[in-house]
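The stops below are given in the order in which to select them.

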Amino acid sequence: MPNAQVLESKKAAVDALAERLKNSTAAVFVDYKGINVAQDTALRNQFREAGVEYTVVKNTLTRFAANKIGYSEFDELLNGTTSLATTTDDPIAPARIVSEFAKKNKDLIKIKGGLIEGKVLSVAELNAFGELPSKNALVAQVLGTFLAPITSLAVVLDQIAKKGGAPEEAPKAEEAPAAEAAPEAPAEAAPEA
């Protein structure tokens, strides 16, 4: 029978995992079997740059933590090698990073399941989120769409300013100058008698 100190440390680990899952905008469980040290280091660097916390977790403790906050859906997938990627920022970052890394490294790692903003998602749904650009890239695309008409207007106004001001207006019909008369053809010389 385990001693009280071991039980307390495990209880603290479960509480910490439960709090981490509860406070995250996204949590993705990853099967990392077959990954080498260099690949793991590269993956961890990508997670760190995106503000994602990534750790290897014990399945039993994680199962207890998930159940503690009401996520019994993870009971089936928490077996084998499992790591957990969580974030409180960009909700699609963990799934996107895992998907991109899996494509570049012949599917060494794969998503087991997870949740985004409290909703449990399937592997297919998480992989679909993995295909999306980052939150910042999406915001930039939307802003670019909004700014395109304004940018076009600014370019046109800049071109007009470089040409020396506003384009001249076409004269109105009543102010239009009369057409110049065509030059008269030279009169034929009269034959001399």
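Predicted model: local features only at pLDDT ≥ 70, side-chain atom pairs only at ≥ 80, totals over all residues.

Start with helix α3, residues 59-68. Colour its buried residues: N59, L61, T62, A65 and A66. They lie on the same side of α3, because they cover an arc of only 160° around the axis. Now show α1 (4-23) and β1 (26-31), the elements that these buried residues pack against. Just after α3, select G70, where phi is positive at about 95°.

Next come the salt bridges, five by count. Select R20 and E53, whose side chains meet at 3.8 Å, N to O. R20 belongs to helix α1 and E53 to strand β2 (residues 53-56), so this pair ties together parts 33 residues apart in sequence. R20 is buried at 14% relative accessibility, while E53 is partly exposed at 43%.

Move to helix α2 (residues 37-49), where R44 and D40 are four residues apart, about one helical turn. Their closest N and O atoms are 2.8 Å apart in a salt bridge. D40 counts as buried at 19%; R44, at 26%, counts as partly exposed.

In helix α6, select K162 and D158, again separated by about one helical turn. Their salt bridge is 3.3 Å, N to O. K162 is exposed at 66% relative accessibility, and D158 is partly exposed at 39%.

Stay in α6 (residues 135-162) and select V139, which is partly exposed at 44%.

Terms used:
Residues numbered from 1 in each chain as written. Heavy atoms only, no water. Helix = DSSP H or I, 4+ residues; strand = E, 2+ residues; numbered from the N terminus. Buried < 20%, exposed > 50% of the residue type's maximum accessible area, 1.4 Å probe, protein only. Arc of directions from axis to C-beta. Contact = heavy atoms within 4.5 Å. Salt bridge = Lys/Arg side-chain N within 4 Å of Asp/Glu carboxyl O.
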